Amino acid sequence: MGATGRLSIAGVDVLGLVGEVGTPVFVYDEEHIRRRCREARRAFGPRVAYASKAFMCKAMAALVHEEGCCIDVSTGGELAVALAAGVPGERLVMHGNNKSMEELEAARAAGVGRVVVDSFDEIDRLATLSQKLPHGRPAPKVWARVTPGVEAHTHEYVMTGQDDSKFGFGLASGAAEEALHRLRSEFAGVELVGLHVHIGSQIFALESFELALSVIAQFFERSGLEELCMGGGLGVPYVAGESAPSITEWAEAIKVAARRAGIAEKTVISAEPGRAIVARSAITCYTVGTVKELPGLRTYVSVDGGMSDNPRPVLYGSGYEAFLPRDVPAERPRVVTVVGKHCESGDVVVRDAHVPTDLCVGDVLATPVTGAYGHSMASNYNKVPRPPVVFVKDGSWRVVVRRETYEDLLALDA
Ligand code: LLP
């Protein structure tokens, strides 16, 4: 915050930046991301990966690599961005519950460090691929993704560890056992080096991870494997009153639980946080276009973005705070509903936002904690161009993803 109560991030006056770049805009504090990456690397070691689905562009991939973390990519598209940023294939982990032959080929060509095998069909594809490729090339190192049958305390849509899941090989059903057997057959053409477990996202309760570990431990130890990735999923606070464990605390809890569950000391335990690295590093700035008071009902404050730059409220009912960068410490006694500009009543940015009394048309309004799953899940609904991404550091800023234009929107039309 600047001396006048105006918002400043890393020494940059945000309203000044907005004056040049326009709204909506995602503003990321670069040093914040770097600190989280360093924390993750310290906590889990050099195989820790940033889950790029949370937010990805070339600048982000380069930064994560510089800070010594691997990158989890879950599609050919994320893989392409990481490679375009100059990240060596060895530092990438390839995910996906339905990897195409082309994606597997691209991963192989890039020398991706770990491929996380998710289905029997994928094992068949990997075997076919290994026969197609010239002999003498090292077999890709793979992890088998195991579904431990654990229900994490989170939104149903982002729960992944339960038995009824499209991801991975079920432990209880025996599919995991069978997968290991097939991956070790001489025909598989891969080197099985570890297991992967991911139970969901936006999880505050460390017990959920501890439970997953205790469920997987015996199977892991019997497998004789040396690497165990516990996935991502650590939650972050979005609204006042919430709190979450730090990455360091998360890692500590996982390591303690691993020892307690009998997992050997020499095991390389890693993780792949996305949200915990990047969510809190960014805010979204919008401009207020209309203020509509419906007496006795509510006040609608419309901004120049909405579900196209942040679909999380619509998808998961997620809550956010809202404030005015022109007066950060202002009291926020007025309750309004911040909505977007899309043609749907559900297009809510913040339901029951607490804002200053004098909020008015033309104000820049900011929502914090929008660094994860905002830009990455953004769409062009209603042909709204996606906002730019600005990185701020040491008193200066740079556009790392430019604003889309109407020409961009037309670029694919025949
Ligand atoms: N690893 C795997 C295999 C994953 O599927 C995910 C997230 C992560 C790591 C990273 O999880 P994180 O640390 O970010 O929780 N769009 C939803 C979140 C979907 C998460 C999908 N998988 C949201 O906005 O809440």
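Predicted model: local features only at pLDDT ≥ 70, side-chain atom pairs only at ≥ 80, totals over all residues.

Q: OK, how is the chain divided?
A: Into two pieces: domain 1 covers 8-27 + 280-410, and domain 2 covers 29-279.

Q: And how far apart do the C-alpha centres of the domains lie?
A: The C-alpha centres of domain 1 and domain 2 are 32 Å apart.

Q: How many residues are in contact?
A: On the domain 1 side 26 residues, touching 25 residues of domain 2.

Q: What about buried area?
A: About 2,400 Å² is buried between domain 1 and domain 2, and carbon and sulfur atoms give 59% of that.

Q: Switching to charges, how many salt bridges does the rule find across the interface?
A: One salt bridge between domain 1 and domain 2.

Q: Which side chains meet in a salt bridge?
A: Glu-30 and Arg-398, at 3.2 Å from N to O.

Q: And polar contacts? How many residue pairs there?
A: The rule finds 11 residue pairs in polar contact across the interface, with both residues at pLDDT 80 or more.

Q: Which elements of domain 1 give two or more residues to the side that touches domain 2?
A: Helix H11 (312-316), plus strands E18 (389-393) and E19 (396-401).

Q: Which gives the most?
A: E18, with four residues on that side of domain 1.

Q: Last one: how do the residues on that side divide into nonpolar, polar and charged?
A: The side of domain 1 that touches domain 2 has 15 nonpolar, six polar and five charged residues.

Technical notes:
Residues numbered from 1 in each chain as written. Heavy atoms only, no water. Domains from an automatic or database assignment. Contact = heavy atoms within 4.5 Å. Buried area = accessible area lost by both parts, 1.4 Å probe. Salt bridge = Lys/Arg side-chain N within 4 Å of Asp/Glu carboxyl O. Polar contact = N/O pair within 3.5 Å; in protein donor to acceptor, adjacent residues only side chain to side chain. Nonpolar A, V, L, I, M, F, W, Y, C, P; charged D, E, K, R; others polar.
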